[in-house]
Amino acid sequence: MKNFNGNSIILFDGICNLCNSSVNFIIKHDTKEHFLFASLQSDAAKEILLQFSSKKLNLDSIVLIENENIYEKSTATLRISKNLNGGYKILYFFIIIPKFIRDWVYNLIAKNRYKWFGKKEKCLLSTFEIKNRFLV
């Protein structure tokens with residue numbers, strides 16, 4: 001797997017308003033710059049996911065690649081929270097809830113994200129200050 005200097009990679013739906021807001025939230029609370037980002041629609045994400053082609057992935061969810069392991073849905077979001085500054089680390093406590101329950105809630109939100117939060121025609125480009133955090 002390509003070396004990303006110890007960074008974890010978050011793959012997200014680039015046209016989803018909720019997903020873009022979540023990425024902005026993560027960037028704001030990731031002052032150690034632990035995470036890199038790529039839109040699921042990007043060539044970078046497609047290239048990265050080829051390395052995990054043996055796993056059946058649901059590409060309508062957030063994907064976290066950490067230490068050459070891949071996580072999705074609620075597990076990805078909770079593992080992300082572990083690396084955020086402030087009190088957000090406490091959210092990782094919810095990992096004790098069985099995955100099928102956590103993912104049921106996640107799937108409910110994911111299924112309705114465009115209806116509830118809207119979507120963009122294309123992925124927005126990042127600002128100059130954080131452009132180096134995005135893989136293209």
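Trainee: Leaving aside neighbours within four places in sequence, which residues is H29 in contact with?

Mentor: H29 is in contact with N83, L84, N85 and Y88. Contact means heavy atoms within 4.5 Å. Bear in mind that this is a predicted model, where local features need pLDDT of at least 70 and side-chain atom pairs count only at pLDDT 80 or more, while totals for chains, interfaces and linings use all residues. Residues are numbered from 1 along each chain as its sequence is written, and side-chain values use heavy atoms, with hydrogens and water left out.

Trainee: Where is H29 found, then?

Mentor: In the loop between α1 (17-28) and β2. Helices (H or I, at least four residues) and strands (E, at least two) are DSSP runs, numbered from the N terminus.

Trainee: Is H29 buried or exposed?

Mentor: Buried, because its relative accessible area is 15%. The cut-offs are under 20% for buried, over 50% for exposed, and partly exposed in between (1.4 Å probe, protein chains only).

Trainee: And what does the side chain of H29 reach at 2.9 Å?

Mentor: The backbone oxygen of F25.

Trainee: Switching topic: which residues form the nonpolar patch on the surface?

Mentor: F25 again, along with Y88, I90, L91, F93, F94 and I96, with about 710 Å² of accessible area together. For a patch like this, residues need over 30% relative accessible area and no salt bridge, and nonpolar side chains (Val, Leu, Ile, Met, Phe, Trp, Tyr) are joined within 5 Å. A salt bridge is a side-chain nitrogen of Lys or Arg within 4 Å of a carboxyl oxygen of Asp or Glu.

Trainee: What about L91, where does that one sit?

Mentor: L91 is in the loop between α3 (73-81) and α4 (99-117). L91 counts as partly exposed because its relative accessibility is 37%.

Trainee: OK, helix α2 next. Which of its residues are buried?

Mentor: In α2 (residues 43-50), A44, A45, I48 and L49 are buried. Seen down the axis, they fall within an arc of 130°, so they line one face of the helix. That arc is taken from the directions from the helix axis to the C-beta atoms.

Trainee: And which residues are exposed on the other side of α2?

Mentor: D43, E47 and L50.

Trainee: What covers the buried residues of α2?

Mentor: The cover includes β1 (8-12), β2 (35-39), β3 (63-66) and β4 (69-72).

Trainee: Last one: what pattern does the chain follow along the sequence?

Mentor: β-α-β-α-β-β-α-α, which comes to four helices and four strands.

Terms used
Patches are made of residues with over 30% relative accessible area and no salt bridge: like charges are joined within 9 Å, nonpolar side chains (Val, Leu, Ile, Met, Phe, Trp, Tyr) within 5 Å. Accessible areas come from the Shrake-Rupley method with a 1.4 Å probe; for residues, only the protein chains shown count as cover. A polar contact is a pair of N or O atoms within 3.5 Å; within protein, one must be able to donate a hydrogen and the other to accept it, and residues adjacent in sequence count only if both atoms are side-chain atoms.
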